Amino acid sequence: MSVVSVIDYGAGNISSVSNAIWYAGADVEVISTPDEVAKADRLVLPGVGAAGTAMARLRSSGLMDALREMVFDKARPFLGICIGMQVLAEELEEYGAGAGFGWVPGTVQNLKSHAAERQTVPHIGWKAIEVNAENPLSNMMSPKGVYYFCHSFGLFGTPLAQSTATLDTFDGCVAAIGFDTVVGTQFHPEKSQNDGIQFLESFLAWKP
Amino acid sequence: MLLSKNRLVKGTRYAEYRDAGSAKTTARAYNAQGADEIFLLDIDASKENREPDFETIAAAALECFVPLTVGGGISSLDIADRCFKSGADKICLTSTARSNPALIDGIAHRYGSQATVIGIDVWNEDGTYLLYDHLTGRPTRDLSLEDWLDQVIDLGAGELRVMDVSREGTREGLNTDLYDKVRTRVSVPVILEGGAGTLSQVAEALSAGVDAVALGTLLVFSDNNIRKIKHYMRHEKLPVRL
């Protein structure tokens, strides 16, 4: 099995993600420079916290451009988790940040403007998801799976061609995306116990 | 999981502690039994004015494929940083939030509100809910529960762990009245803790609309385990993840 490169840009739960990928059966290396990204076979971009801060670091370090080249020119499998998925969007609102990577159509918005009455924000807890079977990359998740979410912002307005799962709350906030060699999850597979490990196993076995 | 000098302990009303095993093996067991979240609290760190036990946090984190919330002795952004690097997914501030409310804002800005949990320890004095002060071991009237809730939410708290200290370890049942009081004042998730001694008490709390409960005594000093507890809740038609 290939080595999975987990990107450390100072805004991720690197040890949890590395530990879960190792548990799912792969060797893990933690990398932090564009040069290291350029040598990677399989990339994981974790992320917790503020998308604006994450975005600034990814842009100024040159990691964003290095990732774009590896994914779109060299077709390397890529997984973005939570903030690591949100930064791929065209637009971000968190902390007044501007545009994201622009890899996926949609806008990252505050969940407060999508919450029903008595619905708490941040959205924290174990949730079932609505899998979009039309998108073949949705098969990395189980329709019966329950995954751990922990977020204040969410991705909205992503077409079915790129979205693999949504929530049945928060106006159908995107739960996972998939297109080309890119997958991303709003939930935390590294913290979703057996269902999360199974998702990571599918990602490790994926040969796009 | 209450951590004291490298060992887990459990007591009554934050006193009379008894040994409750090792953090690493207990985290492994709780993970295997299907815990939805593991909460590791270093109960001496703030009192002894020292840093939390990072080594034990890291050892427990390697066993957790569920969220791990860490609390106790987190008195600066730098210490919070080291907790996250040790494998914490969320940080819980209780007394350090009281002594330095700006820290709530600092952590929420760097890691996001969703990673910023505030512990609200309450003492029930004849029906009046007072904030409980760990450093003195007594309730305080310096600040009301309501004002403190408003303050922590304003500073960026993303989740509350509300503990009725007067019930902690007593098996009297969870205080759903306290939960309702807090839940109607805030719009963030609330975890209720303190007093769960039987499965029916947990079921009653969940039926009464409590979103999440934290269990200690019920797991440590009884023949229950998380799997058994969850099957009981499922049998009672309550929403749990099996």
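Is A:Glu69 buried, exposed or partly exposed? A:Glu69 counts as partly exposed, because its relative accessibility is 40%, where buried means under 20% relative accessible area, exposed over 50% and partly exposed in between (1.4 Å probe, protein chains only).

1. Basis of the note. This is a predicted model, in which local features need pLDDT of at least 70 and side-chain atom pairs count only at pLDDT 80 or more, while totals for chains, interfaces and linings use all residues. Residues are numbered from 1 along each chain as its sequence is written, chains are lettered from A and ligands numbered from 1 in the order in which they are written, and side-chain values use heavy atoms, with hydrogens and water left out.

2. Extent of the interface. Contact here means heavy atoms within 4.5 Å, and by that criterion 27 residues of chain A are in contact with 33 residues of chain B. The area buried between the two chains is about 2,300 Å², with carbon and sulfur atoms giving 52% of it; buried area is the accessible area (1.4 Å probe) that two parts lose on being put together, summed over both. On the side of chain A, the residues that lose the most area to chain B are A:Trp126, A:Lys191 and A:Gln193, which together make up 25% of what that side buries.

3. A salt bridge is a side-chain nitrogen of Lys or Arg within 4 Å of a carboxyl oxygen of Asp or Glu, and the count between chain A and chain B is one. B:Asp89 forms a salt bridge with A:Lys191, and the closest N and O atoms of this pair are 2.9 Å apart. Twelve residue pairs are in polar contact between chain A and chain B, both residues being at pLDDT 80 or more; a polar contact is a pair of N or O atoms within 3.5 Å, of which, within protein, one must be able to donate a hydrogen and the other to accept it, and residues adjacent in sequence count only if both atoms are side-chain atoms.

4. Make-up of the side of chain A. The elements that give two or more residues to the side of chain A that touches chain B are α1 (14–24), β7 (123–128), β9 (146–151) and α6 (193–205) of chain A, helices (H or I, at least four residues) and strands (E, at least two) being DSSP runs numbered from the N terminus. Of these, α1(A) gives the most, with five residues. By class, this side has 13 nonpolar, eleven polar and three charged residues, where Ala, Val, Leu, Ile, Met, Phe, Trp, Tyr, Cys and Pro count as nonpolar, Asp, Glu, Lys and Arg as charged, and the others, Gly among them, as polar.

5. Cysteines. The structure holds zero disulfides over all chains, a disulfide being a pair of cysteine sulfur atoms within 2.5 Å. The sulfur of B:Cys83 lies 11 Å from the closest cysteine sulfur, that of B:Cys92, which is too far for a bond. B:Cys83 counts as buried at 0% relative accessibility, and B:Cys92 counts as buried at 1%.

6. Two helices of chain B. B:Thr26 is placed in helix α1 (residues 23–33) of chain B and counts as buried at 13% relative accessibility. Leaving aside residues up to four places away in sequence, B:Thr26 touches B:Met1, B:Leu8, B:Ala20 and B:Gly21, and the C-alpha atoms of B:Thr26 and B:Met1, 25 residues apart along the chain, are separated by 8.3 Å. In helix α5 (residues 102–111) of chain B, the buried residues are B:Leu103, B:Ile104, B:Gly106, B:Ile107, B:Ala108 and B:Tyr111, and what covers them includes α3 (77–85) and β7 (116–125) of chain B. B:Gly112, whose phi is positive, near 95°, follows α5(B).

7. Salt bridges overall. A search of the whole structure finds 23 salt bridges over all chains. A:Glu69 meets A:Lys74 in one of them (3.9 Å, N to O), and A:Lys74 is partly exposed at 39%. B:Arg13 forms a salt bridge with B:Glu172, the closest N and O atoms being 3.7 Å apart, and this pair links distant parts of the chain, 159 residues apart. The side chains of B:Arg185 and B:Asp150 also meet in a salt bridge (2.8 Å, N to O), joining helix α7 to helix α6 of chain B across 35 residues. B:Lys5, B:Asp42, B:Asp44, B:Glu48 and B:Arg50 are linked in a network of salt bridges.
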